[in-house]
Amino acid sequence: MLQSEKFFIETLGLPPEEVQQAFALHREKGSSLVGSFAHKNVESELTLLQKISQKLEMEYTFSLPADIQTDFTATVPIAFLKKHIIVPITTGDDAFIAINDPFNYQASDELRHLLNQHGIRQILCPKAAIISAINFAYDMTQNTAEEVMQDIDEEDPEALFTEIEETGDLLDDTSDSPVIRLVNLMFSQAVRDKASDIHIEPYQNSLKIRQRLDGILYNMLSPPKHVQSALISRIKVMAKLNIAEKRLPQDGRIELKVGNKEVDIRVSTLPTAFGERVVLRLLDKSSVLLSLTDLGMPADRFAPFQEQIKAANGIVLVTGPTGSGKTTTLYAALTSINNTDINIITVEDPIEYRISGIGQVQVNPKIDLTFASGLRSIVRQDPDVILVGEIRDSETAKIAIQSSLTGHLVFSTLHTNDSASAITRLIDMGIEPFLIASSINAILAQRLVRIICPNCKEKYTPDPDAMKKLGLSEEEMEGKMVYRGKGCAKCHHTGFKGRCGIFELLLMNQEMKHLVLNTANSNSIKELGVKHGMITLRRDGADKVLNGITTIEEVFRVSQE
């Protein structure tokens with residue numbers, strides 16, 4: 001029996017059989033020793049580390065400092081640190097090695113030798129904290145865009161076609177090819193900044209790369225024009241697209257791992273006068289789906305909306321432009337009603353998040369699997385709740401309405417400016433007003449407004465005309481403060497950090513149904529909604545301005561009257 005095995009059995013008092021199984025798993029998989037015990041449900045990692053630290057009289061820390069020095073990345077390979085779950089930590093006044101396995105003496109000695117710090121002490125630490133510190137250190141020391149672009153003059157074309165699968169984690173990629181390094185840098189920076197999209201835009205004498213943060217595009221990089229072809233070819237290789245076809249639009253996807261985040265990237269190319277334009281939509285698969293309560297919907301709209309998504313039949317529509325969070329709201333609604341006694345099926349383009357317990361169908365127009373044909377088939381699968389990703393045409397709208405009239409609850413989205421315009425849009429599609437009145441339960445219009453950065457938030461006196469235009473009277477403004485963000489390093493000097501929703505909920509009561517039968521005028525429908533207590537998008541935005549959540553300019557940007 002090994003000395004370390006004896007320690008776990010005799011000193012910590014763990015069952016011999018389970019200790020042997022954990023060690024066998026550790027040797028077979030090469031996984032963390034402490035993690036092997038947690039995997040076998042012998043003991044949780046944190047409990048075990050605390051016990052080991054007491055018996056061996058070693059220091060233990062639950063978390064690691066954020067402001068660590070990263071000079072070790074030049075001499076220590078990232079693969080070595082990740083394999084042995086070990087990282088050197090140096091702050092202004094302290095230095096130590098964070099380890100997860102106290103018996104891996106060889107790795108500790110090797111790291112001390114590489115750092116030339118032979119007397120440095122060790123501290124026990126959970127695996128997640130160590131991996132996070134490793135990812136942070138190597139992400140921060142990636143070559144800057146300027147350094148990479150200086151190397152781009154002589155590029156070996158063959159290097160572009162190496163498959164991304166060879167490296168697994170983007171931060172582990174040690175490629176010498178400047179274009180590959182540029183692409184990797186672009187992705188890792190976008191993930192670090194929490195960007196939702198990357199735009200690669202070719203112009204006559206320049207190439208511009210921009211990223212979308214909180215719904216607004218910002219300049220990211222400006223590589224030299226002669227890099228354009230190689231850069232786009234590299235992205236096409238990663239997305240398994242045809243690199244020879246430059247005259248037609250193409251769509252593909254890339255699955256990446258950047259540090260501890262799994263990222264799904266949707267790729268769209270479009271031929272333009274000065275070369276192919278590429279838009280990359282980033283979806284962080286490791287991010288947690290929001291629940292209904294996390295959406296920030298005020299109580300006066302949350303309660304009736306929750307009631308409508310639990311109805312036995314009918315249609316609940318969510319409207320707004322692209323990128324206004326419609327899909328997130330519908331996923332939150334589905335998650336809240338998802339349980340074993342109902343059958344939920346969706347037809348989407350694309351499936352943005354996988355939800356366990358729900359049947360999700362991916363639209364594929366190439367084989368004639370459209371929203372309409374998919375919806376027709378779904379109805380024969382005995383569903384209780386159906387989600388249609390988007391109502392794009394009259395055929396889909398008609399099948400959705402028929403499904404709701406035959407006892408199904410249907411969720412869908414529509415691209416309109418507000419809730420009342422959704423009814424006008426359906427009538428324009430050729431849907432009879434009596435079918436709309438009898439099938440639709442509720443229409444939720446929403447937008448996303450940027451939240452003022454809490455770090456650089458400041459009070460100011462707003463323009464009275466702007467407040468009046470926002471619909472706020474002097475009485476409402478009395479004793480209230482209005483805020484804006486000055487801009488700081490934490491918010492990329494934008495003054496904003498994060499986003500929240502503003503919502504307008506139109507409920508189809510009897511008077512509203514009667515009006516829909518007689519008119520398609522969205523203004524009349526909106527007026528009746530307001531008469532019955534509907535809070536408009538702009539009014540909800542004004543309330544969020546008064547509560548210090550967002551700015552007047554943001555509300556004007558996303559809403560219109």
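Helix 13 spans residues 371-379, and its buried residues are F371, A372, S373, G374, L375 and I378. Those buried residues pack against strand 12 (344-348), strand 14 (385-388) and helix 14 (394-405). The model is predicted.

- Strand 11 covers residues 314-319 and is mostly covered, with six of its six residues buried.
- In a regular strand the side chains alternate between the two faces of the sheet.
- In strand 11, G314, V316 and V318 point one way, while I315, L317 and T319 point the other way; all are buried.
- Strand 11 pairs with strand 15 (residues 409-414) in the parallel sense, over six bridges.
- On the strand 15 side, I315 has V410 as its bridge partner.
- Strand 11 also runs parallel to strand 16 (residues 440-452), and five bridges join the two.
- On the strand 16 side, I315 stands opposite I440.

- Six strands form an open sheet in the order 7-6-5-10-9-8, and the pairing is antiparallel.
- Strand 7 (216-221) and strand 8 (250-258) are the edge strands, each pairing on one side only.
- From one strand to the next, the twist averages 25 degrees.
- Strand 8 and strand 9 (residues 261-272) run antiparallel and are joined by nine bridges.
- Within that pairing, K257 has E262 in strand 9 as its bridge partner.
- Helix 9 (residues 178-192) packs on the sheet, where it touches strand 5 (197-202), strand 6 (207-213), strand 7, strand 8, strand 9 and strand 10 (275-284).
- The direction of helix 9 makes about 145 degrees with that of strand 7.

**Helix 10**

- Helix 10 (residues 228-238) lies across strand 5, strand 6, strand 8, strand 9 and strand 10.
- Helix 10 runs at about 45 degrees to strand 10.
- Ten of the eleven residues of helix 10 are buried, so this helix is largely enclosed by the rest of the structure.
- K240 follows helix 10 and has a positive phi, near 55 degrees.

- Four strands form an open sheet in the order 1-4-3-2, and here the pairing is mixed.
- The edge strands are strand 1 (59-60) and strand 2 (86-90), each of which pairs on one side only.
- Strand 2 pairs with strand 3 (residues 95-99) in the antiparallel sense, over five bridges.
- F96 in strand 3 is the bridge partner of I89.
- Helix 6 (residues 105-115) packs on this sheet and touches strand 2, strand 3 and strand 4 (122-124).
- The direction of helix 6 makes about 40 degrees with that of strand 2.

Key
Residues are numbered from 1 along each chain as its sequence is written. This is a predicted model: local features need pLDDT of at least 70, side-chain atom pairs count only at pLDDT 80 or more; totals for chains, interfaces and linings use all residues. Side-chain values use heavy atoms; hydrogens and water are left out. Two strands pair if DSSP finds at least two bridges between them. Axes are lines fitted to C-alpha atoms, for helices over the stretch in contact, and angles run from 0 to 180 degrees between N-to-C directions. Contact means heavy atoms within 4.5 Å. Buried means under 20% relative accessible area, exposed over 50%, partly exposed in between (1.4 Å probe, protein chains only).
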